[in-house]
Amino acid sequence: MASLKSEDDQARFASVVLPHLADAYALARWLTGDRADAEDVVQEACLRAFRGIGGFAGVNARAWVLTIVRHAAYTWLGKNRSASLVMVDDLEAVEQKQSSAGAAFEQAPQTPEAELIAKADARRLEAAIAELPVPFRETLVLRDVQGLDYREISEVTKVPIGTVMSRLARARRRLIERIGTDKPGGAP
Amino acid sequence: MTPTDPRLLVHAYVDGELDPAHALEVERQLADDPALAVERERVEALRRVIAEQLPREGAPPGLARRIEAAVGLRPAPAPARASSRPSWRALAASVAVAAFLGSGATWLALSPGPPDADMVVANHVRALMATHPVDVGSSDRHTVKPWFNGRIPEAPRVVDLASEGFPLVGGRIDVIGRTPVATLVYRVRQHLISLSEVPAGRTIATSHGQIGGYNIVSWTDNGVAYWAVSDVAAADLDTFAKAFRAAEPER
């Protein structure tokens, strides 16, 4: 209960968690796909963080906060958008299979030029990212939107760095293909 | 463990994640393999366009305020509306008093916010008259709580009290003054309890009252005034209020 917490905990919370509120909100928004839901998730996550502030090891506050936000977002997704999480395990299996067969890279149906990629606007990018399966999406967002390094992403998403690398590569490849198949600027 | 596929490594190269030996190796491959060089251009173009088009945005200002209040870093959000009550509201309140005034007049005089008390009773009575006392009917707080998103600015506190004998029935939006507020509905035996959550500019002490035969318990936690209204016995309503306040917000 909040009232039993000491002022030390409050001060610690203010210095550890609050500076990363923008990052927390951004991750929650990308995972839930909705601003109001994201606020709900961040609020829940912050209460968890406050209760668990004593367990913070003091190394990387942002990664610690994002780990809790991600957990809260997954709980929320499980309750409200369970379909989006069902595929996580299957996805890993497919990924393994594709990876061992080398199939993913060989097919390469679309290879848009860098100039075409550079013309993508915010709406198309957001839509393409939103379509990514959650494990790919969170990896890409943490790296390319939020600027975490691989080690931090590995810590937040609880997978080895090699998996971070392959998920990131696949997420980017899907985005590049998607942007390449979309018609820029709403042209027919 | 380290992937050796050059098309994976080129991502790590672009991200500056490779040690110097591996970076040199990728640079050599980039020079030898035009397809790989094109892949690198695409990845860099994607990274650039994401950085340009999807700038990092800050958290909504209200969010920080709510969180600070929730952990006790800030006494309570102080909405400007607290001091400017429209006159029609006093009129509405007096109508409510005329309609429901019972033996609770002494309490009314002591109460810190009589209009709110009248309004929550009026809302409760109106809800009982309606076909459904709730707009969202569910015993699952994870269904009820998200329903309020986008309807009211503050996320209400919703707790599961089924094991205490107060199963959740659902929630609705009530209006107190001109402010839409979250109202949760719990059931105890055959009675309904309406619990309105009003972001308060002031802290009010726990108080008990009765208007028109309806018992009322109100209290303030973390800057939110809670108003519980029901026709159950005062002792039952008090038990409910204590259970609600003692419950963990989420698990």
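Between chain A and chain B of this predicted model, 16 residue pairs are in polar contact, counting pairs in which both residues have pLDDT 80 or more. Eight helices of chain A, namely helix 1 (7-16), helix 2, helix 3 (35-51), helix 4, helix 7 (114-118), helix 8 (122-131), helix 9 (134-145) and helix 11 (161-181), each supply at least two residues of the side that touches chain B. Helix 3 of chain A contributes the largest share of that side, with 13 residues. Six salt bridges are counted between the two chains, and a salt bridge also joins the side chains of B:Asp15 and A:Arg172, with a distance of 2.9 Å from N to O.

The contact as a whole draws 58 residues from chain A and 43 residues from chain B. The size of an interface is often given as the accessible area lost when the parts come together. For chain A and chain B the buried area is about 4,800 Å², and carbon and sulfur atoms give 61% of that area.

Chain A itself contains 11 helices and zero strands. Of its 188 residues, 55% are buried, while its accessible surface comes to about 8,300 Å², with 52% belonging to carbon and sulfur atoms. Among the contacts in chain A that link residues at least 6 apart in sequence, 74% join residues at least 24 apart.

In soluble globular proteins, nonpolar side chains tend to be buried together. The largest nonpolar core here has 55 residues, of which A:Phe13, A:Val17, A:Val42, A:Trp64 and B:Ile67 touch the most other members. Helix 4 of chain A (residues 61-80) gives the most to this core, with 12 residues. When neighbours within four places in sequence are left aside, B:Ile67 is in contact with several residues of chain A, namely A:Phe13, A:Leu18, A:Leu21, A:Val42, A:Gln43 and A:Cys46.

The side chain of A:Thr32 reaches the backbone oxygen of A:Asp34 at 3.2 Å. Beyond residues up to four places away in sequence, A:Thr32 touches A:Asp37, A:Ala38 and A:Val41, together with A:Trp76, A:Leu77 and A:Arg81.

Notes: Residues are numbered from 1 along each chain as its sequence is written. Chains are lettered from A and ligands numbered from 1 in the order in which they are written. This is a predicted model: local features need pLDDT of at least 70, side-chain atom pairs count only at pLDDT 80 or more; totals for chains, interfaces and linings use all residues. Side-chain values use heavy atoms; hydrogens and water are left out. A polar contact is a pair of N or O atoms within 3.5 Å; within protein, one must be able to donate a hydrogen and the other to accept it, and residues adjacent in sequence count only if both atoms are side-chain atoms. Contact means heavy atoms within 4.5 Å. A nonpolar core is a set of buried Ala, Val, Leu, Ile, Met, Phe, Trp, Tyr and Cys residues joined through side-chain atoms within 4.5 Å. Buried means under 20% relative accessible area, exposed over 50%, partly exposed in between (1.4 Å probe, protein chains only). Helices (H or I, at least four residues) and strands (E, at least two) are DSSP runs, numbered from the N terminus. Accessible areas come from the Shrake-Rupley method with a 1.4 Å probe; for residues, only the protein chains shown count as cover. Buried area is the accessible area (1.4 Å probe) that two parts lose on being put together, summed over both. A salt bridge is a side-chain nitrogen of Lys or Arg within 4 Å of a carboxyl oxygen of Asp or Glu.
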